[in-house]
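Keep the sequence and the 3D view open as you read.

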Amino acid sequence: MTRPTLSLSHVTLRYEHGITALDDVTLDVAEGERVCILGPNGSGKSTLASVLCGLLAPDEGCVMLVGELACTSVGVDFDAYRRARRRLGLVFQNPDDQIVTSVVEEDVAFGPENLGVPSEQIGERVARELHRVALDRYAQADPSRLSGGQKQRVAIAGALAMEPQVLVLDEPGALLDVRGRRGIMRVMDKLHDAGTTIIHVTHFMEEALAADRVVILDKGRLVLQGTPQKVFSHSEELVSLGLEEPFVSRLAEALQARDVTVPWTCDEDQLLDSICSVTSEAMPADGQAKRPRDQLMRAREGSYRLAGASSEDAIRADSLSYSYGDTDAREDRRPALDGISFRIPRGSMTAIVGQTGSGKSTLLRLLCALEAPDAGTLVVDGIPSNGRRQRRQLHGHVGYVMQHPERQLFAETVWEDVAYGPTNLGLPAQEIERRCHEALALVGLLGRELSSPFHLSGGQQRLCALAGILAMEPRILVLDEPTAGLDPHGRAQLRAIITDIHARGTTVIQVTHSMDDAAMAEQVIVLNEGRVLLDGSPAEVFSPSTEQTLRESGLGLPDALAWAMRLEDAGVPVGTPLSIDELADAIANLVHEEVEHGL
């Protein structure tokens, strides 16, 4: 057996306040192996990634990194760690944690420069990696002015420019659009084919299917490992850990629950073949379903459009424009929004989607009166936002949950943090107490009022920040990537909270990279290069006729609709489902229709 390139033996690591992040972890990674690490928030994934790339030394156990025995029972060998780190690359979950310069190409060059790479080779590496992550034209840009997804690509380019023997990626796609995540997966495929050892931490179950081995952590302990097929077959254990199976496996189970005979699998081609087989007898020779398609699926046109919303606009934008850069130098201004117009009815739920850098976060800042438009009109909750005094009025009307809401936390206790906003509104003490109590109950944090927000888990910190906004009882709630970086259980919990908030009459606007989340909204606005590309109900925005347009703009379709189109190509028409239940129902209709016709 070949010697592993990374080896941990009985590793334990503790943080302050008695928190055990890793508990007796033993793990070997072979040279050239691709390992995916999964686990709920707070399970120790990021800590394990930091140990594997030499950033953290454990309190107990032995660590061997790329041939260097860096930590033993005797102690830490700092020289061994320094030698090992020259061949180890890391991409943090938050790119702001590793971007160190004010020019993109200088940041990408930072690592190779510290490795002593000759200057002519550094230039070649920087150009190569910026092209690989599609940031060629941003070489001279200031990273602080880029979107979250663009910053992540800068961080990835910087890690790749070091040409590491082992590359560790901690949630590299959390802030990226569909195209960006696909691009990173292609990069990992190529690096893996070339022999690079890859450690990939992710909450996207589909990404784990490309790994040689999947490792699952819970409360700092390694609880399950094996091939993707083996690990994802433990569905009950995954659910108990707050995880989920990939879409293909969940679809197989949904079909089995509807008495459709297909095998459980996490192989898409196998399930597709099985569905084609069990539906084949329901399809006559002409390839048309025995039951007309419009009877297989409920009528969709307009079925989602603004159900329960009033005819009054919560948001009205007309020819809205905004640019970044020096206000006195027009040629240096970079347009983020270019003459966009749209309406958002009061009481509706709207999803804003678009590739990284399309203007989504900029638009949210305008909606929240944090910036003033350069041109055009923006009316929010009946108040024009062009003037400073008018924008100040909006601060009590609009609640803004940032892309990293946990960074909004600052107080010593959860209660103080949540009470900060309503206190600043000048409300009486009794009203502040009522609002804080209701907000904490809504997000499930009652009982943690006296805890420090900084001792909460990552998911709980996000809920605490949300509670602070909800306690102000905004009429419009704006969320920037609210589920990014959360495990499947955390995402489901936050979606349920947002649905509850919306049901109470609040206008909800959220930016998301999840097409499945967007499909659950009432209105979807698609931005591309600062302009409105599509605007309508999910049924109108996500359809076979818009697929090419969405893909060209770096997006995609909800998983259920993408699967329906594959089935259509294979001769199994199931309409245009936007959820896994609708897709499973449509397939089951075909199968059971066959039985009915055979009786």
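Buried here means under 20% relative accessible area, exposed means over 50%, and partly exposed is in between (1.4 Å probe, protein chains only). Helices (H or I, at least four residues) and strands (E, at least two) are DSSP runs, numbered from the N terminus. This is a predicted model, where local features need pLDDT of at least 70 and side-chain atom pairs count only at pLDDT 80 or more, while totals for chains, interfaces and linings use all residues. Residues are numbered from 1 along each chain as its sequence is written, and side-chain values use heavy atoms, with hydrogens and water left out.

Start with helix α13, residues 360–367, which is mostly covered: six of its eight residues are buried. Lys360 and Thr362 are among them, along with Leu363, Leu364, Leu366 and Leu367. After α13 comes Ala369, with a positive phi near 65°.

Next, look at Asp170 in strand β8 (residues 166–170). What the Asp170 side chain does make is a polar contact with the side chain of Ser46, at 2.6 Å. A polar contact is a pair of N or O atoms within 3.5 Å; within protein, one must be able to donate a hydrogen and the other to accept it, and residues adjacent in sequence count only if both atoms are side-chain atoms.

So where do salt bridges turn up? The structure holds 33 of them. One joins the side chains of Arg87 and Glu68 (3.6 Å, N to O). That pair links distant parts of the chain, 19 residues apart: Arg87 sits in the loop between α2 (78–85) and β7 (88–91), and Glu68 in strand β5 (residues 68–72). Arg87 is partly exposed at 31% relative accessible area, whereas Glu68 counts as buried at 14%.

Another salt bridge pairs Asp381 with Arg475 (3.6 Å, N to O). Asp381 is in the loop between β15 (375–380) and β16 (383–384) and Arg475 in the loop between α17 (458–470) and β18 (476–480), so the pair ties together parts 94 residues apart in sequence. Finally, salt bridges with shared partners join Arg125, Arg128, Glu129, Arg132 and Glu163 into one network.

Notes. A salt bridge is a side-chain nitrogen of Lys or Arg within 4 Å of a carboxyl oxygen of Asp or Glu.
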